[in-house]
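Here is a short briefing to read alongside the model. Keep the viewer open and follow the residues as they come up.

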Amino acid sequence: MNYRHPRAKRLKVVFEIAEREEQDALQRWGLAQQKLEAEKAKRSQLSDYAGDYQRRLATPGQATVKAGDMHNTLGFIRQIESALRQQEGQIAQLETLTAKARTAYLEARGKTEAMKKMLARLEQEYQSEQNAREQREADEWSNRQAARRTL
């Protein structure tokens, strides 16, 4: 936007920087949310995987299960459960990061909106001053014309 108020002209650069910061914050928040969703999907896959192995042990079917195979399967399930715990930690960290990114975006958005309102107010003030000046000039011209007619 082309501002006419002198102060608004100077603040235009600051406003544009604030807008860029807002967009960057929005992008960081979006990326954090994408990472969080991806990690939640991995957790779900690991959980499903562990569930499948547990069901295989619970219902072995018609074939007999060897002790060694059972031992290996239980060890593998423990590894999956360990990976699930690590995944939970990763998700907790990403949830914190996402919350911080959201807060940063909302703060940047608030700053941008406040500046937008201030610039609009300055432009309105400038327009009011211009209107008053034009009205004064028109009144002065009219008064001069009236004074000339009376002479």
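Thr98 sits in helix H2, which covers residues 67–150; helices here are DSSP runs of H or I with at least four residues, strands are E runs of at least two, and both are numbered from the N terminus. This is a predicted model, so to speak of local features a pLDDT of at least 70 is needed and side-chain atom pairs count only at pLDDT 80 or more, while totals for chains, interfaces and linings use all residues. Residues are numbered from 1 along each chain as its sequence is written, and side-chain values use heavy atoms, with hydrogens and water left out.

**Around Thr98**

- With a relative accessibility of 9%, Thr98 counts as buried; the term means under 20% relative accessible area, exposed means over 50%, and partly exposed is in between, using a 1.4 Å probe and protein chains only.
- The Thr98 side chain comes to 2.7 Å from the backbone oxygen of Leu94. This is a polar contact (a pair of N or O atoms within 3.5 Å; within protein, one must be able to donate a hydrogen and the other to accept it, and residues adjacent in sequence count only if both atoms are side-chain atoms).
- Setting aside residues up to four places away in sequence, Thr98 touches Trp29, Ala32, Gln33 and Leu36, where contact means heavy atoms within 4.5 Å.
- Thr98 and Leu36 are 62 residues apart along the chain, and their C-alpha atoms are separated by 7.7 Å.

**Helix H1**

- Glu39 belongs to helix H1 and counts as buried at 13% relative accessibility.
- Beyond its neighbours within four places in sequence, Glu39 is in contact with Gln87, Gln90, Ile91 and Leu94.
- Tyr53 is another residue found in helix H1, and its 17% relative accessibility makes it count as buried.
- Apart from neighbours within four places in sequence, Tyr53 is in contact with Thr73, Phe76, Ile77 and Ile80.

**Nonpolar cores**

- The largest nonpolar core has nine residues: Tyr3, Ala8, Leu11, Phe15, Ala18, Met115, Met118, Leu119 and Leu122. Such a core is a set of buried Ala, Val, Leu, Ile, Met, Phe, Trp, Tyr and Cys residues joined through side-chain atoms within 4.5 Å.
- H1 and H2 are the elements that give two or more residues to this core.
- A second, separate core has six residues, among them Ala25, Ala101, Tyr105 and Ala108.
- Not counting residues up to four places away in sequence, Phe15 touches Tyr3, Thr112, Met115, Lys116 and Leu119.

**Salt bridges**

- How many salt bridges are there? The count comes to nine, each being a side-chain nitrogen of Lys or Arg within 4 Å of a carboxyl oxygen of Asp or Glu.
- Glu22 forms a salt bridge with Arg109, with the closest N and O atoms 2.8 Å apart. Glu22 lies in helix H1 and Arg109 in helix H2, so this pair ties together parts that are 87 residues apart in sequence.
- Glu22 counts as buried at 5% relative accessibility, whereas Arg109 counts as partly exposed at 32%.
- Arg109 also forms a salt bridge with Glu113, the closest N and O atoms being 3.1 Å apart. The two are four residues apart in helix H2, so about one helical turn separates them.
- Glu113 counts as partly exposed at 25% relative accessibility.
- Lys116 forms a salt bridge with Glu113, the closest N and O atoms being 3.5 Å apart, and Lys116 is partly exposed with a relative accessible area of 39%.
- Through shared partners, salt bridges join Glu22, Arg109, Glu113 and Lys116 into one network.
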